[in-house]
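Hi there,

Here is the structure I promised to pass on to you. Have a look at it first, and then read my notes below.

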Amino acid sequence: MSRAPIGPRAPRPLIGCAAGTWAGTAAGRGDCLHVRATGGRMAVLRSLAAVGAVPGLWWGAARAAAGLRGRCPRRGYAADSAQSAPTFGFLLDIDGVLVRGHRVIPAALEAFRRLVNSHGQLRVPVVFVTNAGNILQQSKAQELSALLGFKVEPDQVILSHSPMKLFSQYHNKRMLVSGQGPLVENARVLGFENVVTVDELRMAFPVLDMVDLQRRPKTTPLLRNDFPAIEGVLLLGEPIRWETSLQLIMDVLLSNGNPGTGLATFPYPHLPVLASNMDLLWMAEARMPRFGHGTFLLCLETIYRKMTGKELRYEGLMGKPSVLTYQYAEDLIRQQAERRGWVAPIRKLYAIGDNPMSDVYGANLFHKYLQMVKHDGAEKQGAGGLWRQRPSATQSCASILVCTGVYNPKGPEPTQPVQGAEEAPFHGHRDFSFSPGLMEASHIVNDVNEAVQLVFHKEGWIL
């Protein structure tokens, strides 16, 4: 969709109108869900690398690995007789949409007054899709429940690394895990049975961590030769001591999993690396965005290329804007609808977010993917068994951008060059091509409450 012109600001689009259109125009009335994404097809094909890295995946196994259940009524789920069964669902970002740091955004409370019925149940299926990962799924659900004032189930929350449950070929390998928070517990919930933290590796090889003078060993310890080789690297989120994590991850990759030794030549391809959360920036209480895990990945990739002359390769990249994350979310939406007894298939998804690069790009990428599947067939696109045995009922995924987080309506448009530069800054990950059309939101609204009103209006639902 076209945007308001750069320079003097055009009026903000009214609710119900696509970005760059105003009430009374033809575009505002009927065609605001279709995103014209130049180069989008190539971006979709590149993004499928993460899906293609799950060899032999088939529907039953994928559902079991993801912890998904079949049609069994759950306590607290009853059909809402006052409204027809929904044929649409919401994918809600959290940071910058519902909360800023530990503060709930007031518009989020208003939005959930519309989304929740008089019995305290959701009127439509909702899944919370966040690129956060340094927390347990159950803890995130409890946190959201306290902030929003209604019961959020753990299986309504997708963390950035949740789709790693599908990468079962690595679950029994000895993996170095990087991040913070309940790292080991998170890794085990995902299925990884044998993990080593960066701190454990540092304790085993204290001479590897030399940046902080206060942490350097006072004497030279004996080199260990009894430490089992590491077989892969798991990057779940931004760590606390970046210099330590960067150094030790590089040591593992360059030594083929034996950081106590040195190799004459660097192994390539290197050990498998799985990563989640590609956000360069995210929004907390500060006025300006904060560094995200994508910034850490950028540092690691740059150091690896500088030292070896080759590109760091990922066996899987998860979190928004990965297509795999949206496939995972789509199935949770379907499961939620089944538990509520809503028999009508969910045809439309509305993804609400604050970050053009992760939320808008990801939703539009998934929309393009759905169109490719419909036109070309899923198997030709290498999407694996997630689509082979149970075709998707979803027909579209619309992106709705809010102005309460990373996106600043008073700042430069994310697809336009800043003053003095020839190209727009690309905040996306290296493995996702810059495609301006994929960063064009279907709609731009002030906040999540306006987004919910917009969708209910389009779907003919009572506000």
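Strand S14 (residues 396-402) and S15 run parallel and are joined by 3 bridges; two strands pair if DSSP finds at least two bridges between them. Strands here are DSSP runs (E, at least two residues), as are helices (H or I, at least four), numbered from the N terminus. Both strands belong to an open sheet of 6 strands, in the order S5-S4-S1-S13-S14-S15 with parallel pairing. Its edge strands, S5 (157-158) and S15 (443-445), each pair on one side only.

A word on the source: this is a predicted model, where local features need pLDDT of at least 70 and side-chain atom pairs count only at pLDDT 80 or more, while totals for chains, interfaces and linings use all residues. Residues are numbered from 1 along each chain as its sequence is written, and side-chain values use heavy atoms, leaving out hydrogens and water.

Next, the salt bridges (a side-chain nitrogen of Lys or Arg within 4 Å of a carboxyl oxygen of Asp or Glu). By this rule there are 14. Arg-334 pairs with Glu-330, with the closest N and O atoms 3.9 Å apart. These two are 4 residues apart in helix H11, so about one helical turn separates them. Glu-330 is buried at 4% relative accessible area, and Arg-334 also counts as buried, at 15%; buried means under 20%, exposed over 50%, partly exposed in between (1.4 Å probe, protein chains only).

Enjoy exploring!
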